Amino acid sequence: MKRAPPLTNAEFVTDLMQFSAHGALIQAFVLQALDAYSQRVAATTPEALDTPFVSGHAWHGCALEVRRKLAHRLGEEGAGVPELASEDSSESSAD
């Protein structure tokens, strides 16, 4: 029997969000996990996040982007979430 090719990360997250044994509750769990991890990374200096594989500044930037997008989604833009220096053109208002 031939194995199906592995899911991409985007396909995996989509599958997780849409087909959980726990129903829509998984969506709140995933968003809470994104919020908690992005808070921890955003609170760390970029230099402390450097690894041989990933730039700490890039990883920190990812955290700030997630924080900003979550705040925008939840209507909390003024809640002290750091803004990115440049606007992210991939953000869409159609959800």
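**Figure 1. Contacts across the sequence in the predicted model of the protein chain.** Among contacts between residues at least 6 apart in sequence, 19% join residues at least 24 apart. The protein chain contains three helices and zero strands, in the order α-α-α along the sequence. Of its 95 residues, 18% are buried.

**Figure 2. Helix H2, residues 25-42.** Helix H2 is made of 18 residues. From the first C-alpha to the last, H2 reaches 26 Å, which is close to the 26 Å expected at 1.5 Å a residue.

**Figure 3. The buried face of H2 and what covers it.** Four names make up the buried set of H2: Ile26, Val30, Ser38 and Val41. Viewed down the axis of H2, these buried residues fall within an arc of 100 degrees, so they line one face of the helix. The cover over the buried residues of H2 includes helix H1 (9-18) and helix H3 (56-73).

**Figure 4. The face of H2 turned away from its buried side.** Leu25, Phe29 and Arg40 are the exposed residues carried on this face of H2. Ile26, by contrast, belongs to the buried residues of H2, as does Val41.

Figure 5. The relative accessible area of Ser38 is 3%. Buried means under 20% relative accessible area, so Ser38 is classed as buried. When its neighbours within four places in sequence are left aside, Ser38 is in contact with Ala63, Val66 and Arg67. Helix H3, which spans residues 56-73, is among the elements that cover the buried residues of H2.

**Figure 6. Ala71 in helix H3 and its separation from Asp35.** Ala71 has a relative accessibility of 4% and therefore counts as buried. In sequence, Ala71 and Asp35 are 36 residues apart. In space, the C-alpha to C-alpha distance between Ala71 and Asp35 is 9.4 Å. Ala71 lies in helix H3, and helix H2 runs over residues 25-42.

Definitions and conventions. Residues numbered from 1 in each chain as written. Predicted model: local features only at pLDDT ≥ 70, side-chain atom pairs only at ≥ 80, totals over all residues. Heavy atoms only, no water. Helix = DSSP H or I, 4+ residues; strand = E, 2+ residues; numbered from the N terminus. Expected span 1.5 Å × (residues − 1). Buried < 20%, exposed > 50% of the residue type's maximum accessible area, 1.4 Å probe, protein only. Arc of directions from axis to C-beta. Contact = heavy atoms within 4.5 Å.
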